[in-house]
Amino acid sequence: MSSKLALLCLLLLFTGAQGFGLFPGKSLNHMDITERAILNATVQACRSLAQAEGIGFTFPPQPFTAQGVAAACSAPKSSKSFRQAIQKVIFWNVRVDLRYALNASFHFDEESFIEGRRIITVGIQAVKASNKKENFEAARQNLGQCLHPLQDFYSHSNWVELGNQFPNPNLIRSDTSIGNIADKSRATCRNCDGKDCRNNILEDIIAEGILTSGYFGVVPFVSTKPKGKCSHGGAVDQTSTIQPKGGINKDTVDSSHGFLHSEAANMAIAATSALLEDIRRAAGDKPFLQMMGISRGSNKALCFVIDTTGSMADDIATVSNVTASIINSKVGTEDEPSVYILVPFNDPGFGPLKKTTDPEVFKNTINSLSAAGGGDVPEMSLSALQLALAGAPSSSEIFLFTDAPAKDAHLKSTIIALIERTETVVNFMITTSTATNRLRRSEQQHTRIAAADAQLYRDLAQTSGGQAIEVTKSELLEASSIITDSSSSSLVTLLQATRNQADNFLFIVDETVTNVRIYITGSSITFTLISPTGESQQSSDTTGSLITSSQSVGNFQTLRIIKQVGQWEIKMVSTNPYSLKVIGQSPIDFLFDFVEVSQGVFTGFDVLETRPKAGKGASKCELDEALKSSSRN
């Protein structure tokens, strides 16, 4: 692409020339339109659900906000996930202008009404199909992409100029007529009167209710606009300098037909609301609200991946007790999962994935597991984990129970990619087993194999922000109860690292952080903890004033430290692999995305759809101001 065309495309982006504007201002843009419609539709879904459950519903105060709507839906803790869902839909909506800037069908330009509606209706079917599969991430993506042309229809066509007071219902139906579309040979516009384009659409077009839209082009002196047709208009549109001159778009108040911007924008909000209502009717209230990130629990999955080979025979009953303890700790709290998932694995089989929203049904399913099979020691643990990651919603939590190494270690890179894409936390609960002893051909060989296998699980846990805990069967319940405390939605991570040598680490505790805990996994580790005031305490010192309590189980140690604002330091000494994690509780939360330098036509940054890759520079861009649990909005 030439530098001139690239510059024109850049102008297109920043002027919002191919749709309602992209940036805040005095005009309503795609972000405003989408958010208002989603807030309206979500309120209606929550009201309908409340009526079905026979409980009262109070409308949130106007203007609607994510926090106010979440509270009205009896799901105040969902305000962040609700905001994230809105931002995802908006992201995919706006991205249409970046990916398909010059494709008329995505903007209803050049009278491409049939093609534009096809994009919308195919997108709607994709949203509905994704909701049925509970793939809400894909649903949000498809929703954002089909909303863009739907909204552009009211800005780029003459629907508003024809005097219509309501949205065109046939844009979301594939088997009806969109309207009386102008023939390709029929003239639709005259020259504007200078900069005044109020009367540039021909009288017979208006009188006969003929549907038209403007042509658009960015290359000077090259135009595909037929004689007599309207142009989109604006500084970037080169067709607007060709007879008939001017344009009809209503993207902003300063556009050619900017005097009708408010009518077009409000029509686009109503049309977006109607499309969302169609999706809600197809999905049902609860699935629709899940798509929107609204849940009275955590809107996440709690998933267990459990080894059922013969060597686990002594452990299955313990695992059942442990999983029941984890489930019970979350039921009725803000961290209660929206769905429970179980993936058993054996050798050579794994699965199937079992899913339910009922915690009692889930516990009964786990209790019905039995151990058998699995001749050699390595098992299909990563294949089962892959199935769980693919079937669970984003930002879920997975516990994997096994006493064996992975037979399918070649899946490591695939698992890492899935973890990064879904932002799921994986905790490995590794129990010692008599079966492991059968692996020993010599003590030296066993040590070497065990170290390599354990490192694989440690690497995956570190990638996900989880833990790899090695315990005996009798210690499993105690270890699980400790790690469950680290998964509350109000927790923040202050530091996380893995090393295989001595190192010093710094972390900062501000005035909002309470209940600070330090998690250490590994063996033969000593440390020195230094407070912001310079006071220190050794790991061997059980009477110091900095550590208020400590607990060790297997290779896992947890410390609680005093509340002291400022920069802390912990000096770790070990020649063995270890991990370090510092967490605390805080009422402050915020939304952000990671970005990377754009490789496309447009300069600037592209939002990463996954976590950034280790060792590669990235920038963090806030999308929302801090949301405090007791705050405004």
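Are Cys192 and Cys197 buried or exposed? Select both: Cys192 is buried, and Cys197 is too (buried means under 20% relative accessible area, exposed over 50%, partly exposed in between, with a 1.4 Å probe and protein chains only). This is a predicted model, where local features need pLDDT of at least 70, side-chain atom pairs count only at pLDDT 80 or more, and totals for chains, interfaces and linings use all residues. Residues are numbered from 1 along each chain as its sequence is written, and side-chain values use heavy atoms, without hydrogens and water.

Stay on this pair. Cys192 and Cys197 form a disulfide with sulfur atoms 2.0 Å apart (a disulfide is a pair of cysteine sulfur atoms within 2.5 Å). The structure holds three disulfides.

Next, select Cys189 and Cys230. They are joined by a disulfide, S to S 1.9 Å. Its torsion is about 90°, so the link is right-handed. Cys189 is buried at 7% relative accessibility, and Cys230 at 1%.

Now go to Cys46 and Cys73. Their disulfide also has S to S 1.9 Å. It is right-handed, with 100° about the S-S bond. Cys46 lies in helix 2 (residues 30-53) and Cys73 in the loop between helix 3 and helix 4, so the pair ties together parts 27 residues apart in sequence. Helices (H or I, at least four residues) and strands (E, at least two) are DSSP runs, numbered from the N terminus.

Finish at strand 11, residues 514-521. Six of its eight residues are buried. Strand 11 runs antiparallel to strand 17 (residues 578-585), joined by six bridges; two strands pair if DSSP finds at least two bridges between them. Ile520 stands opposite Leu580.
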